[in-house]
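The following note sets out points for discussion on strand pairing, helix packing and charged contacts. Please read each point with the structure at hand.

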There are 2 protein chains.
Amino acid sequence: MKPLGPIPPGFTARNGELVIGGKIVSALVKEAGGTPLFVYSRDLLDARMAALRAAMPQRLKIHYAMKANPFAALLEHMADLVDGLDIASGGELDMARKAGFLPGEISFAGPGKTDRELLAAVRAGVTLNIESAAEARRALDGGQTLGVAPRLAIRVNPDFELRGSGMKMGGGAKPFGVDQADVPALGREIVAAGARWRGLHIYTGSQALDAAAVIEMQGNVLAVAAELADAIGAGLPHLNMGGGFGIPYFDKDQPLDIAAVGAALAERFDTLPDGLQATEFAIELGRYLVGEAGVYLTRIIERKVSHGTTFLITDGGMHHQLAASGNFGTVVRRNYPVAIAGRFDAEPTDEVNVVGCLCTPLDRLADNALLPRADAGDLVAVFCAGAYGASASPSAFLGQGPAREILV
Amino acid sequence: MKPLGPIPPGFTARNGELVIGGKIVSALVKEAGGTPLFVYSRDLLDARMAALRAAMPQRLKIHYAMKANPFAALLEHMADLVDGLDIASGGELDMARKAGFLPGEISFAGPGKTDRELLAAVRAGVTLNIESAAEARRALDGGQTLGVAPRLAIRVNPDFELRGSGMKMGGGAKPFGVDQADVPALGREIVAAGARWRGLHIYTGSQALDAAAVIEMQGNVLAVAAELADAIGAGLPHLNMGGGFGIPYFDKDQPLDIAAVGAALAERFDTLPDGLQATEFAIELGRYLVGEAGVYLTRIIERKVSHGTTFLITDGGMHHQLAASGNFGTVVRRNYPVAIAGRFDAEPTDEVNVVGCLCTPLDRLADNALLPRADAGDLVAVFCAGAYGASASPSAFLGQGPAREILV
């Protein structure tokens with residue numbers, strides 16, 4: 001048997017059935033027109049944001065990294081909650097503008113920005129987190145073409161990394177950002193070229209659950225930022241301190257202690273070096289803001305026993321939940337939190353494999369999992385589906401097409 | 001340094017530049033309107049099919065498993081080349097009909113067929129490869145509702161597997177097919193219910209490069225089919241023997257010896273047991289028919305050096321080439337065949353990392369690879385991109401959208 005991941009807080013049962021946003025999920029499926037269906041909860045988005053605001057120093061701005069989930073209704077909701085938005089492509093810029101984000105709230109990072117994307121960003125007036133000297137020159141050229149001073153920050157590839165992070169994006173050779181040692185010269189060049197200097201972006205990793213690691217990383221970010229700001233000599237209007245706040249996906253994962261992170265950050269804000277006194281600080285979170293607010297619902301087409309092993313075959317799968325299937329940067333597949341939605345508070349009694357409908361052995365949603373008895377027609381809920389689900393999965397695979405999505 | 005996979009045969013250079021279908025790739029990119037671009041070659045599709053026909057016994061039908069590549073123009077071309085089509089969803093059924101395949105040529109396998117898909121298949125008159133007793137009853141009910149005798153075959157989960165295959169789909173507990181021991185009773189039930197009995201489907205694995213393993217598997221398939229046909233007692237109109245023919249993706253991979261496979265199969269066809277004398281035999285190939293005929297072209301946005309390591313950052317990436325990035329069922333990432341398209345016959349001199357434009361460390365196309373010198377503006381070609389590329393990748397990730405595709 002393989003354990004399931006922990007179901008995030010905030011989900012309850014009514015007459016045994018999973019409730020999201022005050023409604024039983026079978027009603028939500030009916031409303032949405034069927035399965036597979038992603039349901040995102042406004043209440044849970046709001047609660048997560050409120051808890052984060054309460055834990056973090058007031059001075060800290062909170063940005064949403066929309067790569068985690070660009071679903072239009074969710075994005076519009078996030079526009080009311082956060083202080084800024086981080087985008088990673090021209091396509092995301094278009095979606096962000098449609099969702100109501102203002103250009104001044106948006107910053108654009110990404111190691112491979114095309115000329116077209118740079119021009120669109122400069123024209124719109126969003127901040128570009130510049131990832132190389134060559135990109136800076138392309139952005140400045142774009143500004144000249146358009147007769148607009150581009151808003152430029154530098155994304156730093158710092159000499160340290162985020163310990164224990166799921167994905168490392170700083171420390172050593174990386175395609176991301178400008179090597180720390182090269183930042184001062186590039187910063188001076190950008191300032192001298194007449195750009196609107198916006199400061200620094202230091203993103204070192206994602207999906208960390210250890211508060212001590214995040215606290216250490218934020219200390220390193222502030223120290224490096226202070227040093228670089230001094231070396232550039234133009235002040236530091238804004239510092240994007242990155243993110244890295246993880247969520248529990250797997251058995252034994254413990255939630256990140258945001259109270260500890262916030263307290264340590266508040267202490268650091270009280271003793272800032274002179275060069276950072278006037279700086280606006282932000283963190284950039286994607287998964288942490290939306291991941292636990294989403295549930296993927298799929299219906300069991302068949303309960304099948306093969307050689308004594310039970311398979312619950314669903315109408316969903318890896319084409320909507322690539323990460324849960326174990327095919328998105330994971331070496332050893334572990335089970336996400338999964339439940340039988342109609343028996344949400346029932347005792348688990350059956351060892352089963354929950355699989356998708358695709359004709360490939362890669363299409364697994366839970367392996368050797370202990371769940372309450374379930375049959376054809378029952379709904380399976382996969383939790384932690386709010387981030388890197390629908391938009392990060394190959395929805396066209398085997399002619400399936402995208403899942404439905406609703407915000408409730 | 002990590003070796004690159006072998007570039008498939010059939011690609012040449014003109015003035016140093018990669019040629020596909022008689023045209024240099026820069027001209028193809030212009031024609032298609034830009035990068036990223038998948039180019040599929042008619043000539044290579046035809047050549048592969050001709051070689052296969054020459055190697056296999058004349059009696060053997062060759063089916064295309066469209067899950068490998070459902071691009072409309074390619075599918076239409078395949079309709080003229082193959083004897084049948086294997087589909088895995090209602091969505092694929094629609095695409096197949098649009099491409100000109102006739103219902104009698106189509107068979108539908110998949111462990112999680114919905115009632116709607118079963119009805120559509122029965123109505124259209126395609127063969128259903130039935131994967132469980134429950135599914136058989138749903139299909140028969142559908143036939144009654146529609147007043148049509150459904151065309152039914154049974155997909156067998158045999159007691160053996162395909163040695164050395166990349167993905168195992170037979171042997172032991174599986175969501176796919178009916179356990180071998182349960183097939184005779186279900187076969188008799190289907191025949192007695194008045195369905196149009198179509199025979200058996202035995203698919204045990206994919207991506208095998210060892211001819212001996214494929215030969216052994218085909219022997220097992222024929223033996224099991226003969227035994228099951230006898231036990232069902234209704235003859236065996238058709239036997240889908242599965243596929244499993246692999247292509248070389250990685251360094252040291254050797255092409256499958258199809259001459260050996262074909263010779264062994266011809267010998268077996270000459271000594272068939274009585275129960276299989278009248279049977280129509282087919283193999284079902286996806287990757288093998290189309291994989292090596294496709295090339296993914298992406299343009300270098302930037303050549304970047306970080307801490308002494310060179311990155312070629314392209315405008316493509318894992319959102320179109322999930323498998324090449326190492327996130328599709330692979331444990332240890334290895335390099336696909338990759339080339340600098342404009343210096344296709346030049347000596348490799350530079351150790352580089354080819355990455356995509358996505359803001360994630362998962363987005364890699366080649367690691368520590370030795371390639372000719374390349375700079376911003378140059379085209380990178382990723383080979384073996386004809387199967388499980390465009391349709392098997394998360395194209396909406398980070399707001400990127402799908403790649404262009406052309407058949408030349």
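1. In this predicted model, α8(A) passes α9(A) in a right-handed crossing. Helix α8 covers residues 211-232 of chain A and helix α9 covers residues 258-270 of chain A; the two pack at an angle of about 25°, with their axes 9 Å apart. Because an angle under 35 degrees counts as roughly parallel, α8(A) is roughly parallel to α9(A).

2. The residues of this helix contact may be examined individually. From α8(A) come Ala211(A), Val214(A), Ile215(A), Gln218(A), Gly219(A) and Leu222(A), while α9(A) supplies Ala260(A), Val261(A), Ala264(A), Leu265(A) and Arg268(A). By class, the contact of α8(A) with α9(A) comprises 8 nonpolar, 2 polar and 1 charged residues.

3. Helix α8 of chain A also takes part in a charged pair. Glu216(A) forms a salt bridge with Arg163(A), and their closest N and O atoms are 3.1 Å apart. This pair links distant parts of the chain, since Glu216(A) lies in helix α8 of chain A and Arg163(A) in the loop between β9 and β10 (167-168) of chain A, 53 residues apart. Over all chains, the count comes to 36 salt bridges.

4. Strand β9 (residues 151-157) of chain A pairs with strand β12 (residues 196-201) of chain A in the parallel sense, over 5 bridges. Within this pairing, Leu200(A) in β12(A) has Ile154(A) standing opposite.

5. β12(A) also pairs in the parallel sense with strand β14 (residues 238-240) of chain A, here over 3 bridges. Leu239(A) in β14(A) stands opposite Leu200(A).

6. In chain B, which classes of residue make up the contact of α5(B) with α6(B)? Helix α5 (residues 115-124) of chain B and helix α6 (residues 133-146) of chain B have axes that come within 9 Å and cross at roughly 55°. The two helices are therefore oblique to each other, and α5(B) passes α6(B) in a right-handed crossing. On the α5(B) side, Asp115(B), Leu118(B), Leu119(B), Val122(B) and Arg123(B) meet Glu135(B), Arg138(B), Ala139(B), Gly142(B), Gly143(B) and Leu146(B) of α6(B). The residues of this contact divide into 5 nonpolar, 2 polar and 4 charged.

Conventions
Residues are numbered from 1 along each chain as its sequence is written. Chains are lettered from A and ligands numbered from 1 in the order in which they are written. This is a predicted model: local features need pLDDT of at least 70, side-chain atom pairs count only at pLDDT 80 or more; totals for chains, interfaces and linings use all residues. Side-chain values use heavy atoms; hydrogens and water are left out. Two strands pair if DSSP finds at least two bridges between them. Helices (H or I, at least four residues) and strands (E, at least two) are DSSP runs, numbered from the N terminus. Axes are lines fitted to C-alpha atoms, for helices over the stretch in contact, and angles run from 0 to 180 degrees between N-to-C directions. Angles under 35 degrees count as roughly parallel, over 145 as roughly antiparallel, 65 to 115 as roughly perpendicular and the rest as oblique. A crossing is left-handed if the near helix is turned anticlockwise from the far one by less than a right angle, and right-handed if clockwise. Contact means heavy atoms within 4.5 Å. Ala, Val, Leu, Ile, Met, Phe, Trp, Tyr, Cys and Pro count as nonpolar, Asp, Glu, Lys and Arg as charged, and the others, Gly among them, as polar. A salt bridge is a side-chain nitrogen of Lys or Arg within 4 Å of a carboxyl oxygen of Asp or Glu.
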